[in-house]
Amino acid sequence: MSTAAANQAQSATQLDELNALDDEAFRQQVRAFLRTHYPEELRFPVKRLHWAQIKPWYLTLSRHGWVAPGWAREYGGMGLSAAKQIIYMEEFESYGVARAPDMGIVMLGPLLIRYGSEAQKQFFLPRILSGEHIWCQGYSEPNSGSDLASLRTEAVQEGDHWVVNGQKTWTTLATDANWIFVLVRTDRGAKKQEGISFLLVPMDSPGVTVRPLLNLDLHDEFCEVFFDAVKVPCDNLVGQVNHGWSMAKALLGFERIFIGSPKQSAYALKRLLALVEHLGIAAEPLCVERVARFRMELEDHTLLYETFAERLKRGESLGPDVSLLKINQCELYQRITEYMLEIAGEHAGLLEPIDGIRDLNAAGLFLQSRVTTIYGGSSEIQRNILAKHVLDLPG
Amino acid sequence: MSLGEERLESIRMIRDSAAALAPRKDLKRVRALRFSEPGFDRGLWRQMCAMGWVGLRVPELEGGSGLGMAELCALAEELGAALVPEPLVAGVVAAHLLNGTDLADHIAGRRLFIPAWQEWAGSLEFDGGEMRLRDGRLSGRKLFVPMAAGADAYVLSVPHGVAIVPAATEGMSRDLEQAQDGGHYATLTLAGVPVQPIAMERRRIADALDEAALATAAYLLGVAEQAFALTLEYLCTRKQFGQPIGSFQALQHRAVDLRLQLALSRASIGGAAAVLDGEAAPAARQAAVSRAKARAADAALLVTRQAVQLHGAIGYTDEFDIGLFLRKAMTLANLYGSAAQHRARYARLTPSTAEATA
Ligand SMILES: Cc1cc2nc3c(=O)[nH]c(=O)nc-3n(C[C@H](O)[C@H](O)[C@H](O)COP(=O)(O)OP(=O)(O)OC[C@H]3O[C@@H](n4cnc5c(N)ncnc54)[C@H](O)[C@@H]3O)c2cc1C
């Protein structure tokens, strides 16, 4: 047996064993795995890491078959139950594991497994797992954000390929990616949701240009991606032509519970505690009251989150009320960082963390928290969804 | 409390000339100066001096413009709306602390003095006793000295007065820290620097810092007003779902709530300026400043945060201007006392018994 094959067989038995564990034992295993393999210096990074920094870790996960907790075993995933997936995510979060470029794992993989052709699954899934293909998400456009279905990037069929023209924007980590999945308009005449298709495009195709953008935290995290007569083989269209919208939408529930998990607020609260210690105000009555309030809010949020997680664990799908989680998590996270700014004194306005201590990055965390109420469906849009689809209000 | 016609006219003139010197809509200059040294334009600074702005509060007999706080606040607000990085507020503080040729040079723009009063982070104390003066030699540390890289000299608060230290002085080191708005702050560390201290009443320094707090509140109001104006424009032009996003009632209500905060800030700042321009007792003056600064800091952060939110992702890019207003508000909100510090000071200074508030 080759080493690679031997490794595979070994990790297959280990995955069998993991799946057989009870939840608590599984949690311990995940913890042990992280302690053994995750680089200490990458815990709780202050900014989103680029591929070059996170690649070794991704390859470690890949070698152990740990990249894709939610995918079925037959596709190279861990095949974890919903309950274990949540434990996996919680442990990664509480250990401060950096988020790798995960669009392939979290968004594209599940979509291909559900809607892709056999050939697409066979070609793309292993390359996501191995880290050979790094994906980014090309949905938003300059004029189509909240109203995504109005998107105008167009694909026209010419023989055995599509020709794509248009522009995507706010594409996170597009500079790190070598593939992009895009929503494109393939029928201009149809109702706006019904003329959209889902295309897979190599970033090195002639006619693709990426322009990185600095964000407010002065980090080059998102980009503009331009398509100028880009030829894409017809085989790269996922599902049926003009069915891209409903496929993409089917994945949004997961994104909302992902952003709705208490991790960001819990992280911010830790930073807040470190800050009040550093400032020597931890025992001041005003501070005690504010911190207690945040801790209680976090506990309440976590309980709310668990009711949703339970539903997933039981195999139910989430309804539009998952928007409650996303709104509350993001706004709690922001309130915590706003309080950090309030107490940070002159440091609130400095570029570098207080006294050079990485954990005391009040201004940076405050800025980073701003986007959470904008991306993944803004807080305003989530409220619209709740008013309409949960409360059934007229209009 | 309404101002007479004459003062209203002088305020109008100040606003007009500020708008001419620092146009609100052109932030190219402001962007080019960000993260550079000294972070502002000495040429423009001299023009500001020539307009009489740096000596705005200095009596006419001493060569200044002899104008009131209402005028200074109007000016600071205009400069805030244009995100002007030139250190007007620091310059006005320094003018309060200087005399003779130093003062004349400073307000004429020949030499720039920057005040260095702070010894602890998040503190309004200027004579905390961290400076040691022994045999005419000064040792210690001053924090958060604004735009220090452009100064010709610093005015340091020392026990019982101030001392002037030229920028390049042996025994004094200067560490710069970059600020979110593209400016910087210095920590000055002095190790036995020979100085000639100038005796000065505590009150004079305290008053200068109160004026700075109020002027900063006004500057923050300008920042917030302009961010709000740009956001209203965006609400009218940005279309989603086939209509201007400003037509969505949720956003209309949000905009109205922000307008309310701006109106309250303006009222509070105007009221405090009138108190400082009048004859009130020190406690009442300080309480008025605290009320205005706390309101302006909270309101400016709220408005600029919401300005980014209402712009969506484009608001989170560095190349789009709206973020510059948020970063400016972050930089100034806690200077010369945070909202929390000013609320605490207000509570200390004003009785809040049932009878007193009845
Ligand atoms: C950090 C970051 C990373 C991102 N990464 C990606 C990515 O990788 N790939 C990708 O495709 N996209 C990405 N996005 C884009 C994101 O999905 C959009 O920003 C989002 O859909 C909002 O669109 P917009 O920014 O155009 O704002 P707009 O839709 O223009 O909204 C502007 C404001 O109007 C409000 N608004 C709009 N419609 C309504 C309404 N009907 N009622 C009330 N209020 C309304 C919004 O809430 C917002 O406050 C990212 C965004 C950010 C900030």
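**Helix H9 of chain A and its surroundings**

A: Helix H9 of chain A is followed by A:Gly280, which has a positive phi, near 70°. Helices (H or I, at least four residues) and strands (E, at least two) are DSSP runs numbered from the N terminus. The model is predicted: local features need pLDDT of at least 70 and side-chain atom pairs pLDDT 80 or more, while totals for chains, interfaces and linings use all residues. Residues are numbered from 1 along each chain as its sequence is written, chains are lettered from A and ligands numbered from 1 in the order written, and side-chain values use heavy atoms, without hydrogens and water.

H9 of chain A covers residues 263-279; at 1.5 Å a residue its 17 residues should span 24 Å, and its end C-alpha atoms are 24 Å apart, which agrees. The expected span is 1.5 Å times one less than the number of residues. Buried residues of this helix include A:Tyr267, A:Leu269, A:Arg271, A:Leu272 and A:Val276. Buried means under 20% relative accessible area, exposed over 50%, and partly exposed in between (1.4 Å probe, protein chains only).

Chain A as a whole has 13 helices and eight strands. Its radius of gyration is 22 Å, close to the 21 Å that the globule rule gives for 395 residues, so chain A is as compact as a globular protein of that length. That radius is taken over C-alpha atoms, and the rule is 2.2 Å times the number of residues to the power 0.38. The C-alpha trace of chain A spans about 70 × 60 × 45 Å along its principal axes, and 52% of its 395 residues count as buried.

The ligand lies between chains A and B. It is surrounded by 26 residues, the closest being A:Ser146, A:Trp170, A:Thr172, A:Ser378 and B:Arg238; a residue counts as near if one of its heavy atoms lies within 4 Å. By class, this shell has 13 nonpolar, 11 polar and two charged residues. The ligand alone exposes 970 Å², of which the protein buries 93%. Strand S3 (161-172) and helix H13 (379-390) of chain A, and helix H9 (282-311) of chain B, each give two or more residues to the shell.

Helix H9 of chain B also holds B:Arg305, which counts as buried at 15% relative accessibility. The side chains of B:Arg305 and A:Glu338 are joined by a polar contact of 3.3 Å. Such a contact is a pair of N or O atoms within 3.5 Å; within protein, one must be able to donate a hydrogen and the other to accept it, and residues adjacent in sequence count only if both atoms are side-chain atoms.

Elsewhere in chain B, B:Glu86 sits in the loop between helix H4 (69-81) and helix H5 (88-97) and is buried at 3% relative accessible area. Its side chain makes a polar contact of 2.9 Å with that of B:Arg29 and reaches the backbone nitrogen of B:Asp41 at 2.9 Å.

Back in chain A, A:Thr153 is in the loop between strand S1 (135-138) and strand S2 (154-158) and is buried, with a relative accessible area of 2%.

Methods:
Accessible areas come from the Shrake-Rupley method with a 1.4 Å probe; for residues, only the protein chains shown count as cover. Ala, Val, Leu, Ile, Met, Phe, Trp, Tyr, Cys and Pro count as nonpolar, Asp, Glu, Lys and Arg as charged, and the others, Gly among them, as polar.
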